[in-house]
Amino acid sequence: MASKLLHLHGPLCSSLEFQHLHLDSRQNSPAKILQSSNRSRVVLSPPLRISTRRDNRNRVRAFTVRSQFNAPLIAPHDQWGNWTALFAIVAFGIWSEKTKIGSALSGPLVSTLVGLASSNLGIISSNPPAFKVVLEFLLPVAVPLLLYRADLHRVIKSTGALLLAFLLGSVGTTIGTVVAYFLVPMRSLGQDSWKIAAALMGRHIGGSVNYVAISDALGVQPSVLAAGLAADNVINAVYFTTLFALASRVPPEASTPSDGAAMDTESASSDKLPILQTATALALSFAICKSGSYLTKYFGIQGGGLPAITAIVVVLATVFPKQSAYLAPSGEAMAMILMQLFFAVVGASGNIWSVISTAPSIFLFCLVQIAVHLAIILGLGKLFRFDLKLLLIASNANIGGPTTACGMATAKAWTSMVVPGILAGIFGIAIATFLGIGFGVAVLKYM
(Lines give C-alpha, C1' and ligand atoms only; values in the text may rest on other atoms or scores of the structure.)
Protein backbone atom coordinates (compact mmCIF):
# COMPACT_ATOMS: atom_id res chain seq x y z
CA MET A 1 0.00 0.00 0.00
CA ALA A 2 2.78 2.37 0.94
CA SER A 3 4.51 1.79 -2.34
CA LYS A 4 1.51 3.14 -4.14
CA LEU A 5 1.67 6.50 -2.35
CA LEU A 6 3.49 9.30 -4.10
CA HIS A 7 5.97 11.28 -2.09
CA LEU A 8 4.60 14.58 -0.67
CA HIS A 9 6.86 17.62 -0.69
CA GLY A 10 6.92 19.16 2.73
CA PRO A 11 5.16 17.96 5.90
CA LEU A 12 2.30 15.53 5.89
CA CYS A 13 -1.04 17.14 4.98
CA SER A 14 -3.22 17.84 7.99
CA SER A 15 -6.68 16.41 8.46
CA LEU A 16 -8.11 19.86 7.61
CA GLU A 17 -6.59 19.62 4.13
CA PHE A 18 -8.09 16.18 3.59
CA GLN A 19 -11.57 17.56 4.29
CA HIS A 20 -11.45 19.45 1.01
CA LEU A 21 -11.33 16.23 -1.00
CA HIS A 22 -14.33 15.39 -3.14
CA LEU A 23 -15.65 11.89 -2.44
CA ASP A 24 -17.70 9.79 -4.80
CA SER A 25 -20.42 8.24 -2.64
CA ARG A 26 -21.27 5.69 -5.31
CA GLN A 27 -17.81 3.98 -5.25
CA ASN A 28 -15.83 2.20 -2.57
CA SER A 29 -12.56 3.82 -3.63
CA PRO A 30 -11.78 7.32 -2.52
CA ALA A 31 -11.82 9.59 -5.35
CA LYS A 32 -9.22 10.57 -6.92
CA ILE A 33 -7.12 13.53 -6.38
CA LEU A 34 -5.74 16.46 -4.56
CA GLN A 35 -3.54 18.63 -6.70
CA SER A 36 -0.58 20.28 -5.06
CA SER A 37 1.26 23.32 -6.32
CA ASN A 38 3.51 21.16 -8.52
CA ARG A 39 0.37 19.34 -9.90
CA SER A 40 1.38 15.96 -8.39
CA ARG A 41 -1.38 13.52 -7.43
CA VAL A 42 -1.92 11.93 -4.04
CA VAL A 43 -4.23 8.94 -3.55
CA LEU A 44 -5.52 8.46 -0.02
CA SER A 45 -5.34 5.20 1.87
CA PRO A 46 -8.57 3.40 2.91
CA PRO A 47 -8.45 4.35 6.62
CA LEU A 48 -8.40 8.05 5.75
CA ARG A 49 -11.20 7.50 3.25
CA ILE A 50 -13.64 6.35 5.95
CA SER A 51 -13.30 9.28 8.30
CA THR A 52 -13.27 11.81 5.48
CA ARG A 53 -16.40 10.43 3.84
CA ARG A 54 -18.30 10.68 7.11
CA ASP A 55 -17.32 14.31 7.53
CA ASN A 56 -18.40 15.17 4.02
CA ARG A 57 -21.61 13.21 4.33
CA ASN A 58 -22.44 15.09 7.54
CA ARG A 59 -21.77 18.39 5.84
CA VAL A 60 -23.99 17.52 2.88
CA ARG A 61 -26.78 16.37 5.19
CA ALA A 62 -26.61 19.57 7.27
CA PHE A 63 -26.68 21.70 4.12
CA THR A 64 -29.75 19.87 2.85
CA VAL A 65 -31.65 20.44 6.10
CA ARG A 66 -30.88 24.15 6.08
CA SER A 67 -32.04 24.51 2.46
CA GLN A 68 -35.35 22.80 3.19
CA PHE A 69 -35.91 25.02 6.22
CA ASN A 70 -35.29 28.23 4.26
CA ALA A 71 -37.36 27.29 1.22
CA PRO A 72 -40.99 28.51 1.32
CA LEU A 73 -43.80 25.99 1.51
CA ILE A 74 -45.13 27.35 -1.82
CA ALA A 75 -42.28 27.59 -4.34
CA PRO A 76 -41.78 30.98 -6.07
CA HIS A 77 -42.57 29.52 -9.52
CA ASP A 78 -45.64 27.61 -8.35
CA GLN A 79 -48.08 29.99 -10.07
CA TRP A 80 -51.28 28.24 -8.97
CA GLY A 81 -50.05 27.99 -5.39
CA ASN A 82 -49.03 31.66 -5.13
CA TRP A 83 -52.23 33.00 -6.72
CA THR A 84 -54.30 30.77 -4.45
CA ALA A 85 -52.46 32.10 -1.40
CA LEU A 86 -52.84 35.74 -2.50
CA PHE A 87 -56.57 35.54 -3.19
CA ALA A 88 -57.10 33.62 0.05
CA ILE A 89 -55.45 36.53 1.89
CA VAL A 90 -57.65 38.98 -0.04
CA ALA A 91 -60.83 37.07 0.86
CA PHE A 92 -59.78 36.91 4.51
CA GLY A 93 -59.02 40.65 4.58
CA ILE A 94 -62.42 41.54 3.11
CA TRP A 95 -64.21 39.10 5.44
CA SER A 96 -62.34 40.46 8.47
CA GLU A 97 -64.13 43.80 8.14
CA LYS A 98 -67.30 42.02 9.28
CA THR A 99 -65.62 41.29 12.65
CA LYS A 100 -64.96 43.77 15.46
CA ILE A 101 -61.18 43.42 15.29
CA GLY A 102 -61.08 43.50 11.48
CA SER A 103 -63.31 46.56 11.24
CA ALA A 104 -61.09 48.34 13.76
CA LEU A 105 -57.91 47.47 11.84
CA SER A 106 -59.43 47.79 8.31
CA GLY A 107 -59.34 45.20 5.54
CA PRO A 108 -56.20 46.56 3.82
CA LEU A 109 -54.20 46.42 7.06
CA VAL A 110 -55.40 42.87 7.78
CA SER A 111 -54.37 41.76 4.28
CA THR A 112 -50.99 43.45 4.73
CA LEU A 113 -50.34 41.80 8.11
CA VAL A 114 -51.43 38.35 6.94
CA GLY A 115 -49.22 38.68 3.84
CA LEU A 116 -46.31 39.78 6.04
CA ALA A 117 -46.77 36.80 8.35
CA SER A 118 -47.14 34.36 5.43
CA SER A 119 -43.82 35.28 3.83
CA ASN A 120 -41.88 35.60 7.07
CA LEU A 121 -43.13 32.22 8.32
CA GLY A 122 -42.04 30.57 5.08
CA ILE A 123 -45.47 29.83 3.61
CA ILE A 124 -44.95 31.90 0.46
CA SER A 125 -41.91 33.51 -1.11
CA SER A 126 -41.22 37.22 -0.66
CA ASN A 127 -40.74 37.81 -4.40
CA PRO A 128 -42.47 35.29 -6.70
CA PRO A 129 -43.32 36.24 -10.33
CA ALA A 130 -46.98 36.66 -9.31
CA PHE A 131 -46.05 39.77 -7.30
CA LYS A 132 -44.65 41.43 -10.41
CA VAL A 133 -47.94 40.87 -12.23
CA VAL A 134 -49.86 42.55 -9.37
CA LEU A 135 -47.54 45.56 -9.18
CA GLU A 136 -47.05 46.16 -12.90
CA PHE A 137 -50.53 45.35 -14.23
CA LEU A 138 -53.31 44.78 -11.68
CA LEU A 139 -52.51 47.80 -9.47
CA PRO A 140 -52.65 50.32 -12.36
CA VAL A 141 -55.92 48.74 -13.55
CA ALA A 142 -57.45 49.41 -10.09
CA VAL A 143 -56.89 53.19 -10.31
CA PRO A 144 -59.37 53.99 -13.14
CA LEU A 145 -61.88 51.55 -11.63
CA LEU A 146 -61.88 53.66 -8.45
CA LEU A 147 -62.26 57.02 -10.19
CA TYR A 148 -65.18 56.66 -12.60
CA ARG A 149 -67.15 59.03 -10.33
CA ALA A 150 -64.48 61.76 -10.44
CA ASP A 151 -66.59 64.30 -12.35
CA LEU A 152 -65.00 67.59 -11.30
CA HIS A 153 -67.97 69.65 -12.56
CA ARG A 154 -70.31 67.78 -10.23
CA VAL A 155 -67.84 68.02 -7.36
CA ILE A 156 -67.54 71.78 -7.59
CA LYS A 157 -71.27 72.29 -8.16
CA SER A 158 -72.58 69.96 -5.46
CA THR A 159 -70.16 70.37 -2.58
CA GLY A 160 -70.40 74.15 -2.12
CA ALA A 161 -68.97 75.29 1.20
CA LEU A 162 -67.81 71.75 2.01
CA LEU A 163 -65.29 71.95 -0.83
CA LEU A 164 -63.80 75.12 0.71
CA ALA A 165 -63.56 73.37 4.07
CA PHE A 166 -61.96 70.37 2.34
CA LEU A 167 -59.35 72.60 0.69
CA LEU A 168 -58.71 74.17 4.09
CA GLY A 169 -58.13 70.69 5.48
CA SER A 170 -55.75 69.92 2.60
CA VAL A 171 -53.73 73.01 3.51
CA GLY A 172 -53.75 71.77 7.11
CA THR A 173 -52.38 68.40 5.99
CA THR A 174 -49.64 70.09 3.96
CA ILE A 175 -48.58 72.29 6.87
CA GLY A 176 -48.83 69.29 9.19
CA THR A 177 -46.49 67.35 6.90
CA VAL A 178 -43.86 70.09 7.07
CA VAL A 179 -44.13 70.40 10.86
CA ALA A 180 -44.07 66.64 11.38
CA TYR A 181 -41.07 66.14 9.08
CA PHE A 182 -39.22 68.91 10.89
CA LEU A 183 -39.95 67.39 14.34
CA VAL A 184 -39.73 63.71 13.30
CA PRO A 185 -37.38 63.57 10.28
CA MET A 186 -37.22 59.73 10.27
CA ARG A 187 -33.49 59.82 9.41
CA SER A 188 -33.14 56.08 9.96
CA LEU A 189 -35.11 55.51 6.74
CA GLY A 190 -32.52 57.28 4.60
CA GLN A 191 -33.91 58.48 1.26
CA ASP A 192 -37.22 56.80 2.03
CA SER A 193 -37.90 59.35 4.79
CA TRP A 194 -39.06 62.21 2.56
CA LYS A 195 -40.72 59.78 0.16
CA ILE A 196 -42.93 58.17 2.82
CA ALA A 197 -43.70 61.66 4.18
CA ALA A 198 -44.93 62.69 0.71
CA ALA A 199 -46.95 59.46 0.39
CA LEU A 200 -48.62 60.05 3.77
CA MET A 201 -49.40 63.63 2.77
CA GLY A 202 -51.21 62.27 -0.31
CA ARG A 203 -52.90 59.65 1.88
CA HIS A 204 -54.30 62.36 4.18
CA ILE A 205 -55.59 64.50 1.34
CA GLY A 206 -56.99 61.69 -0.82
CA GLY A 207 -56.83 58.04 0.19
CA SER A 208 -55.00 54.73 0.05
CA VAL A 209 -54.78 54.74 -3.73
CA ASN A 210 -52.80 58.00 -3.56
CA TYR A 211 -50.51 56.56 -0.90
CA VAL A 212 -49.81 53.63 -3.22
CA ALA A 213 -49.38 55.78 -6.35
CA ILE A 214 -46.95 58.19 -4.67
CA SER A 215 -44.95 55.36 -3.10
CA ASP A 216 -44.73 53.63 -6.47
CA ALA A 217 -43.70 56.80 -8.30
CA LEU A 218 -41.00 57.69 -5.76
CA GLY A 219 -39.74 54.12 -5.25
CA VAL A 220 -40.50 53.50 -1.55
CA GLN A 221 -39.22 50.14 -0.26
CA PRO A 222 -41.94 47.54 0.49
CA SER A 223 -41.03 47.25 4.19
CA VAL A 224 -41.29 51.02 4.66
CA LEU A 225 -44.56 51.12 2.72
CA ALA A 226 -46.01 48.35 4.92
CA ALA A 227 -44.79 50.05 8.10
CA GLY A 228 -46.35 53.34 6.98
CA LEU A 229 -49.68 51.65 6.36
CA ALA A 230 -49.60 49.95 9.78
CA ALA A 231 -48.68 53.15 11.64
CA ASP A 232 -51.26 55.20 9.73
CA ASN A 233 -54.07 52.79 10.57
CA VAL A 234 -53.29 52.97 14.28
CA ILE A 235 -53.29 56.78 14.21
CA ASN A 236 -56.50 56.81 12.15
CA ALA A 237 -58.25 54.76 14.82
CA VAL A 238 -57.37 57.43 17.39
CA TYR A 239 -58.32 60.19 14.94
CA PHE A 240 -61.79 58.80 14.16
CA THR A 241 -62.48 58.31 17.85
CA THR A 242 -61.63 61.98 18.43
CA LEU A 243 -63.74 63.06 15.45
CA PHE A 244 -66.86 61.24 16.68
CA ALA A 245 -66.34 62.63 20.16
CA LEU A 246 -66.37 66.16 18.70
CA ALA A 247 -69.42 65.27 16.58
CA SER A 248 -71.40 64.23 19.66
CA ARG A 249 -72.16 67.90 20.27
CA VAL A 250 -73.88 68.31 16.87
CA PRO A 251 -77.52 67.11 16.68
CA PRO A 252 -78.85 65.08 13.71
CA GLU A 253 -80.65 66.87 10.90
CA ALA A 254 -84.37 66.66 10.26
CA SER A 255 -85.14 63.95 7.72
CA THR A 256 -85.19 65.50 4.23
CA PRO A 257 -84.92 63.99 0.75
CA SER A 258 -81.53 64.41 -0.87
CA ASP A 259 -79.27 63.06 -3.56
CA GLY A 260 -77.98 60.63 -0.98
CA ALA A 261 -80.70 58.11 -1.76
CA ALA A 262 -79.70 57.96 -5.40
CA MET A 263 -76.06 57.61 -4.48
CA ASP A 264 -76.81 54.86 -1.95
CA THR A 265 -78.95 52.97 -4.48
CA GLU A 266 -76.21 53.30 -7.05
CA SER A 267 -73.59 52.09 -4.60
CA ALA A 268 -75.71 49.23 -3.37
CA SER A 269 -75.77 47.80 -6.86
CA SER A 270 -71.98 47.38 -6.63
CA ASP A 271 -72.50 44.05 -4.87
CA LYS A 272 -74.40 42.64 -7.88
CA LEU A 273 -71.57 43.13 -10.40
CA PRO A 274 -73.61 43.39 -13.65
CA ILE A 275 -71.69 41.53 -16.34
CA LEU A 276 -71.84 44.14 -19.11
CA GLN A 277 -70.83 47.04 -16.85
CA THR A 278 -68.03 45.01 -15.28
CA ALA A 279 -66.61 43.93 -18.64
CA THR A 280 -66.84 47.48 -20.01
CA ALA A 281 -65.28 49.00 -16.89
CA LEU A 282 -62.35 46.57 -17.11
CA ALA A 283 -61.86 47.11 -20.85
CA LEU A 284 -61.84 50.89 -20.43
CA SER A 285 -59.48 50.63 -17.47
CA PHE A 286 -56.99 48.57 -19.47
CA ALA A 287 -57.24 51.09 -22.35
CA ILE A 288 -56.55 53.98 -19.94
CA CYS A 289 -53.55 52.12 -18.50
CA LYS A 290 -52.19 51.55 -22.00
CA SER A 291 -52.59 55.24 -22.79
CA GLY A 292 -50.91 56.29 -19.54
CA SER A 293 -48.03 53.89 -20.13
CA TYR A 294 -47.55 55.15 -23.69
CA LEU A 295 -47.53 58.81 -22.60
CA THR A 296 -44.99 58.27 -19.82
CA LYS A 297 -42.67 56.35 -22.16
CA TYR A 298 -43.08 58.91 -24.93
CA PHE A 299 -42.22 61.85 -22.66
CA GLY A 300 -39.65 59.87 -20.63
CA ILE A 301 -41.34 60.45 -17.25
CA GLN A 302 -39.82 58.09 -14.70
CA GLY A 303 -42.42 56.64 -12.32
CA GLY A 304 -45.23 58.65 -13.94
CA GLY A 305 -47.49 55.73 -14.85
CA LEU A 306 -50.04 55.97 -12.03
CA PRO A 307 -50.22 59.81 -12.05
CA ALA A 308 -50.80 59.75 -15.83
CA ILE A 309 -53.51 57.10 -15.47
CA THR A 310 -55.16 59.19 -12.74
CA ALA A 311 -55.14 62.30 -14.92
CA ILE A 312 -56.67 60.48 -17.90
CA VAL A 313 -59.53 58.91 -15.95
CA VAL A 314 -60.39 62.20 -14.21
CA VAL A 315 -60.57 63.95 -17.58
CA LEU A 316 -62.79 61.21 -19.01
CA ALA A 317 -65.07 61.20 -15.95
CA THR A 318 -65.45 64.98 -16.24
CA VAL A 319 -66.05 65.04 -20.01
CA PHE A 320 -68.33 61.95 -20.05
CA PRO A 321 -69.97 62.01 -16.59
CA LYS A 322 -73.07 59.88 -17.34
CA GLN A 323 -71.18 57.11 -19.09
CA SER A 324 -68.50 57.02 -16.39
CA ALA A 325 -71.02 57.01 -13.54
CA TYR A 326 -72.77 54.05 -15.19
CA LEU A 327 -69.53 52.04 -14.86
CA ALA A 328 -68.69 53.24 -11.34
CA PRO A 329 -70.47 50.63 -9.14
CA SER A 330 -68.95 47.65 -10.96
CA GLY A 331 -65.59 49.37 -11.19
CA GLU A 332 -65.43 50.11 -7.46
CA ALA A 333 -66.25 46.51 -6.54
CA MET A 334 -63.47 45.18 -8.79
CA ALA A 335 -61.07 47.85 -7.54
CA MET A 336 -61.67 46.79 -3.93
CA ILE A 337 -60.47 43.26 -4.73
CA LEU A 338 -57.45 44.47 -6.69
CA MET A 339 -56.40 46.95 -3.99
CA GLN A 340 -56.67 44.23 -1.34
CA LEU A 341 -54.49 42.07 -3.58
CA PHE A 342 -51.92 44.86 -3.73
CA PHE A 343 -51.85 45.23 0.06
CA ALA A 344 -51.35 41.46 0.42
CA VAL A 345 -48.34 41.72 -1.91
CA VAL A 346 -46.97 44.72 0.03
CA GLY A 347 -47.12 42.72 3.24
CA ALA A 348 -45.61 39.59 1.72
CA SER A 349 -42.74 41.62 0.24
CA GLY A 350 -41.77 43.08 3.61
CA ASN A 351 -39.48 41.93 6.38
CA ILE A 352 -41.24 41.73 9.71
CA TRP A 353 -38.27 42.97 11.74
CA SER A 354 -37.78 45.87 9.37
CA VAL A 355 -41.45 46.82 9.73
CA ILE A 356 -41.26 46.64 13.54
CA SER A 357 -38.12 48.79 13.66
CA THR A 358 -39.47 51.28 11.10
CA ALA A 359 -43.05 51.76 12.32
CA PRO A 360 -42.40 53.79 15.55
CA SER A 361 -40.85 56.78 13.76
CA ILE A 362 -43.60 56.78 11.11
CA PHE A 363 -46.19 56.49 13.91
CA LEU A 364 -44.88 59.67 15.56
CA PHE A 365 -44.78 61.43 12.18
CA CYS A 366 -48.43 60.57 11.47
CA LEU A 367 -49.46 61.64 14.99
CA VAL A 368 -47.97 65.11 14.56
CA GLN A 369 -49.20 65.44 10.96
CA ILE A 370 -52.84 64.66 11.75
CA ALA A 371 -52.83 66.67 14.99
CA VAL A 372 -51.69 69.77 13.08
CA HIS A 373 -54.27 69.09 10.35
CA LEU A 374 -57.08 68.88 12.90
CA ALA A 375 -55.93 72.00 14.75
CA ILE A 376 -55.78 74.05 11.53
CA ILE A 377 -59.10 72.95 10.02
CA LEU A 378 -60.98 73.44 13.29
CA GLY A 379 -59.20 76.67 14.25
CA LEU A 380 -59.36 78.45 10.88
CA GLY A 381 -62.79 76.93 10.17
CA LYS A 382 -64.15 78.51 13.34
CA LEU A 383 -62.49 81.80 12.38
CA PHE A 384 -64.20 81.67 8.97
CA ARG A 385 -67.51 80.68 10.65
CA PHE A 386 -67.96 77.26 9.08
CA ASP A 387 -70.42 74.88 10.76
CA LEU A 388 -68.74 72.28 12.96
CA LYS A 389 -70.41 69.35 11.17
CA LEU A 390 -69.17 70.67 7.82
CA LEU A 391 -65.60 70.90 9.16
CA LEU A 392 -65.77 67.39 10.63
CA ILE A 393 -67.03 65.85 7.37
CA ALA A 394 -64.40 67.76 5.38
CA SER A 395 -61.64 66.55 7.71
CA ASN A 396 -63.00 63.02 7.47
CA ALA A 397 -62.94 63.22 3.66
CA ASN A 398 -59.30 64.34 3.88
CA ILE A 399 -58.01 61.71 6.27
CA GLY A 400 -60.35 58.80 5.60
CA GLY A 401 -61.64 59.39 2.08
CA PRO A 402 -65.12 59.30 0.55
CA THR A 403 -66.21 56.05 2.20
CA THR A 404 -65.56 57.14 5.80
CA ALA A 405 -67.00 60.62 5.13
CA CYS A 406 -70.21 59.04 3.83
CA GLY A 407 -70.25 56.62 6.78
CA MET A 408 -69.93 59.38 9.35
CA ALA A 409 -72.58 61.58 7.71
CA THR A 410 -74.97 58.63 7.59
CA ALA A 411 -74.25 57.51 11.17
CA LYS A 412 -74.85 61.03 12.52
CA ALA A 413 -77.96 61.52 10.32
CA TRP A 414 -76.44 64.57 8.61
CA THR A 415 -78.25 63.79 5.36
CA SER A 416 -77.25 67.00 3.60
CA MET A 417 -73.58 66.04 4.02
CA VAL A 418 -73.71 62.53 2.52
CA VAL A 419 -73.26 63.28 -1.19
CA PRO A 420 -71.00 66.35 -0.71
CA GLY A 421 -68.79 64.27 1.60
CA ILE A 422 -68.46 61.52 -1.01
CA LEU A 423 -67.72 64.00 -3.79
CA ALA A 424 -65.18 65.92 -1.70
CA GLY A 425 -63.39 62.66 -0.96
CA ILE A 426 -63.34 61.75 -4.66
CA PHE A 427 -61.97 65.20 -5.47
CA GLY A 428 -59.19 64.57 -2.94
CA ILE A 429 -58.28 61.27 -4.61
CA ALA A 430 -58.21 63.02 -7.98
CA ILE A 431 -55.67 65.67 -6.88
CA ALA A 432 -53.66 64.10 -4.02
CA THR A 433 -51.20 62.09 -6.11
CA PHE A 434 -49.99 65.19 -7.95
CA LEU A 435 -49.84 67.28 -4.77
CA GLY A 436 -47.91 64.62 -2.86
CA ILE A 437 -45.32 63.97 -5.57
CA GLY A 438 -44.87 67.67 -6.38
CA PHE A 439 -44.54 68.76 -2.75
CA GLY A 440 -42.22 65.87 -1.94
CA VAL A 441 -39.84 66.53 -4.82
CA ALA A 442 -39.91 70.33 -4.45
CA VAL A 443 -39.90 70.73 -0.66
CA LEU A 444 -39.53 67.61 1.50
CA LYS A 445 -36.53 66.25 -0.42
CA TYR A 446 -34.49 69.31 0.56
CA MET A 447 -35.54 69.62 4.20
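**Helices and buried residues in a predicted model**

Q: Which helix holds Ile 370 in this predicted model?
A: This is a predicted model, so keep that in mind as you look around. Ile 370 sits within residues 352–383, and that stretch is helix 16.

Q: Which residues is Ile 370 in contact with, leaving aside its neighbours within four places in sequence?
A: Set aside the neighbours within four places in sequence, and look at what else touches Ile 370. Ser 395 is 25 residues away along the chain, and its C-alpha atom is 9.9 Å from that of Ile 370. The contacts themselves are His 204, Ile 235, Asn 236, Tyr 239 and Ile 399.

Q: How many of the residues of helix 10 are buried?
A: Helix 10 covers residues 208–218, eleven in total. The buried ones include Tyr 211, Ile 214 and Leu 218. Helix 10 is largely enclosed by the rest of the structure, because the buried count is nine.

Q: What covers the buried residues of helix 10?
A: Val 209, Asn 210 and Val 212 are among the buried residues of helix 10. The cover includes several other helices. Those helices are helix 6, helix 9, helix 11, helix 14, helix 15 and helix 19.

Q: Which residue just after helix 10 takes a positive phi?
A: Look just past the end of helix 10, where the phi is about 80°. The residue with that positive phi is Gly 219.

Q: Where is Thr 310 found, and is Thr 310 buried or exposed?
A: Thr 310 is found in helix 14. Its relative accessible area is 3%, and the cut-off is under 20%, so Thr 310 is buried.

Q: Which residues is Thr 310 in contact with, leaving aside its neighbours within four places in sequence?
A: Again, skip the neighbours within four places in sequence. What remains for Thr 310 is Val 143, Leu 147, Ile 429, Ala 430 and Phe 434.

Q: What classes of residue make up the contact of helix 13 with helix 14?
A: Helix 13 passes helix 14 in a right-handed crossing. Ile 288, Cys 289 and Leu 295 of helix 13 are among the residues making the contact, and so are Ala 308 and Val 313 of helix 14. By class, there are eight nonpolar, four polar and no charged residues.

Q: At what angle do helix 3 and helix 5 pack?
A: Helix 3 spans residues 79–96 and helix 5 spans residues 107–120, and their axes are 8 Å apart. These two are oblique to each other. The crossing is right-handed, and the angle is about 140°.

Q: How many disulfides are there?
A: A disulfide needs a pair of cysteine sulfur atoms within 2.5 Å. Cys 366 is buried, at 0% relative accessible area, and Cys 406 also counts as buried, at 16%. By the distance rule, the count of disulfides is zero.

Notes
Residues are numbered from 1 along each chain as its sequence is written. This is a predicted model: local features need pLDDT of at least 70, side-chain atom pairs count only at pLDDT 80 or more; totals for chains, interfaces and linings use all residues. Side-chain values use heavy atoms; hydrogens and water are left out. Buried means under 20% relative accessible area, exposed over 50%, partly exposed in between (1.4 Å probe, protein chains only). Axes are lines fitted to C-alpha atoms, for helices over the stretch in contact, and angles run from 0 to 180 degrees between N-to-C directions. Helices (H or I, at least four residues) and strands (E, at least two) are DSSP runs, numbered from the N terminus. Angles under 35 degrees count as roughly parallel, over 145 as roughly antiparallel, 65 to 115 as roughly perpendicular and the rest as oblique. A crossing is left-handed if the near helix is turned anticlockwise from the far one by less than a right angle, and right-handed if clockwise. Contact means heavy atoms within 4.5 Å. Ala, Val, Leu, Ile, Met, Phe, Trp, Tyr, Cys and Pro count as nonpolar, Asp, Glu, Lys and Arg as charged, and the others, Gly among them, as polar.
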